[in-house]
Amino acid sequence: MQALSTEIKYICWNCGRVFEPEHLGIMKSIRCPYCNARIIVKARTSVVRIIKAL
Ligand SMILES: [Zn+2]
């Protein structure tokens, strides 16, 4: 079985586009590749929490 890898993506606060951190590999500073905005929000897209109800 494979464990689910938490996929962290970034959402631009300015244009609202979602991009992966792979696109930021070259740049040291986190910027939106579309509008070069610096305000980026981290978002975990595939985090699934299973809560067992007692
Ligand atoms: Zn942007």
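The structure described here is a predicted model. Its protein chain contains 3 strands and 0 helices, and the elements follow one another as β-β-β from the N terminus on. Of the 54 residues of the protein chain, 6% count as buried.

- The 3 strands make up an open sheet with the order 2-1-3, and the pairing is antiparallel.
- Strand 2 (18-19) and strand 3 (40-44) stand at the edges of the sheet, and each has a single partner strand, so one side of each is left without a neighbour in the sheet.
- Among the contacts in the protein chain between residues at least 6 apart in sequence, 48% join residues that are at least 24 apart.

**Strand 1 with strand 2**

- Strand 1, made up of residues 8-12, pairs with strand 2 in the antiparallel sense over 2 bridges.
- Which residue of strand 2 is the bridge partner of Ile-11? The partner of Ile-11 is Val-18.
- Tyr-10 stands opposite Phe-19, which belongs to strand 2.
- The hairpin of strand 1 and strand 2 has 5 residues between the strands, and within this hairpin Gly-16 takes a positive phi near 80°.

**Strand 1 with strand 3**

- How many bridges join strand 1 and strand 3? These strands pair over 5 bridges, in the antiparallel sense.
- Lys-9 stands opposite Ala-43 in strand 3.
- Strand 3 is hardly covered, for the count of buried residues among its 5 residues is 0.

**Ala-43, a residue of strand 3**

- Ala-43 is found in strand 3, and its C-beta atom has 12 other C-beta atoms within 10 Å.
- Leaving aside neighbours within four places in sequence, Ala-43 is in contact with Lys-9, Tyr-10 and Ile-11.
- Ala-43 and Ile-8 are 35 residues apart along the chain, while their C-alpha atoms are separated by 5.8 Å.

**The loop between strand 1 and strand 2**

- Gly-16 lies in the loop between strand 1 and strand 2.
- Is Gly-16 buried or exposed? Gly-16 is exposed, with 11 other C-beta atoms within 10 Å.
- From C-alpha to C-alpha, Gly-16 and Tyr-34 are 9.9 Å apart in space, and they are 18 residues apart in sequence.

**The loop between strand 2 and strand 3**

- Asn-36 is found in the loop between strand 2 and strand 3.
- The phi of Asn-36 is near 60°, a positive value in a residue other than glycine. Most residues other than glycine have a negative phi.
- Ala-37 also lies in the loop between strand 2 and strand 3.
- Why does Ala-37 count as partly exposed? Ala-37 has 15 other C-beta atoms within 10 Å.
- Not counting residues up to four places away in sequence, Ala-37 touches Cys-12, Trp-13, Asn-14, Cys-15, Arg-31 and Cys-32.
- One of these residues, Cys-15, is 22 residues from Ala-37 in sequence and 8.3 Å from Ala-37 in space, C-alpha to C-alpha.

**The segment before strand 1**

- Glu-7 lies in the segment before strand 1.
- Glu-7 has 12 other C-beta atoms within 10 Å and is exposed.
- The C-alpha atoms of Glu-7 and Pro-21 are separated by 9.5 Å, and these residues are 14 residues apart along the chain.

Note on methods:
Residues are numbered from 1 along each chain as its sequence is written. This is a predicted model: local features need pLDDT of at least 70, side-chain atom pairs count only at pLDDT 80 or more; totals for chains, interfaces and linings use all residues. Two strands pair if DSSP finds at least two bridges between them. Helices (H or I, at least four residues) and strands (E, at least two) are DSSP runs, numbered from the N terminus. A residue is buried if 20 or more other C-beta atoms lie within 10 Å of its own, exposed if 12 or fewer, and partly exposed in between; C-beta atoms are placed from the backbone. Two residues are in contact if their C-beta atoms, placed from the backbone, lie within 7 Å.
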